[in-house]
Amino acid sequence: MTQLTLDLLQPLQPSLDNFVAGRNAEALAALRALAERRLGERILYLWGTRGCGRSHLLAALAARADAYRWTPQVAVETPGIALVDDVERCDAQAQIALFNRLNVVRADNASSCVIAGALPPAQLVLREDLRTRLAWGYVYQLHPLSDAEKNAALQAHAASRGVRIDADVIPFLLVQLPRDMRTLVAALDALDAWALMRKRALTLGLAREWLVSTQAHPATGET
């Protein structure tokens with residue numbers, strides 16, 4: 001039973017559907033429109049602090065057949081959605097290549113580019129001409145979810161599965177577990193499965209027992 005719990009705790013594969021938008025609904029809608037070729041603009045820049053969800057969104061797009069992780073070794077004319085994360089880490093060669101890629105995207109309806117970084121374009125320590133091009137398209141700041149937003153999202157997820165959960169369980173999970181929503185949702189699903197196997201209500205006491213069980217049997221095949 002413990003091993004089943006650990007297996008269920010694997011975070012969900014990132015997708016646009018399982019991204020909890022919070023205050024980022026406009027950015028999520030723009031990414032959907034770009035992926036479906038409904039967006040007039042083909043350059044999107046996402047920025048925000050750690051935990052804001054930009055890596056989740058790029059991973060979600062990377063799963064598409066027409067998207068790829070861009071590197072300076074990829075031809076700038078390659079069609080599809082080029083994805084660039086941590087743009088502030090680009091070295092001189094990568095900056096020149098990305099500059100050329102953005103010029104191609106602006107001129108070619110078959111290409112687009114989604115770039116993510118920690119800061120808005122004007123504050124990046126990059127070539128001035130590249131910073132200018134990063135701001136050519138739509139620029140969105142991504143905001144991390146507050147604890148209240150995470151609580152509400154997890155309560156809604158539980159309700160959608162018909163799960164009744166005591167009010168103090170989710171605050172406990174927020175303190176004890178990694179705070180990204182993919183892990184928290186997977187943990188809630190695993191905890192629900194554990195409660196069903198034991199035919200018990202999903203209470204704080206049960207959550208404490210479950211967490212002790214998973215820590216006592218790390219995911220190494222031990223039971």
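**Entry 1: aromatic pairs**

I looked up ring pairs, taking rings of Phe, Tyr and Trp (its six-membered ring) as paired if their centres lie within 6.5 Å, and by this rule the count comes to one aromatic pair. The pair is edge-to-face because the rings of Tyr138 and Tyr140 have their planes at 75°, with centres 6.3 Å apart; planes under 30 degrees apart would count as stacked, over 60 as edge-to-face and the rest as tilted. I noted that the model is predicted, that local features need pLDDT of at least 70 and side-chain atom pairs pLDDT 80 or more, while totals for chains, interfaces and linings use all residues. Residues are numbered from 1 along each chain as its sequence is written, and side-chain values use heavy atoms, with hydrogens and water left out.

**Entry 2: cover of the two tyrosines**

Is Tyr140 buried or exposed? I use buried for under 20% relative accessible area, exposed for over 50% and partly exposed for in between, with a 1.4 Å probe and protein chains only. Tyr140 counts as buried, at 12% relative accessibility, whereas Tyr138 is partly exposed, with a relative accessible area of 37%.

**Entry 3: charges over rings**

Next I looked for a charge over a ring, meaning NZ of Lys or CZ of Arg within 6 Å of the ring centre and within 35 degrees of the ring normal. I found Arg127 over the face of Phe99, at 5.6 Å from the ring centre, and Arg198 over the face of Trp194, at 3.7 Å from the ring centre.

**Entry 4: Ser112**

I then turned to Ser112, which lies in strand β4, spanning residues 111–117 (strands are DSSP runs of E with at least two residues, helices runs of H or I with at least four, numbered from the N terminus). Ser112 is buried, with a relative accessible area of 7%. Which residues does Ser112 touch, not counting those up to four places away in sequence? With contact meaning heavy atoms within 4.5 Å, I list Leu34, Arg42, Gly80, Ile81, Ala82, Arg101 and Val105.

**Entry 5: the whole chain**

Finally I looked at the protein chain as a whole, which has nine helices and five strands, running from the N terminus as α-α-β-α-β-β-α-β-α-β-α-α-α-α. Its C-alpha atoms fill a box of roughly 60 × 35 × 30 Å along the principal axes, and of its 223 residues 46% count as buried. Among contacts in the protein chain with a separation of 6 or more, 72% come from residues 24 or more positions apart.
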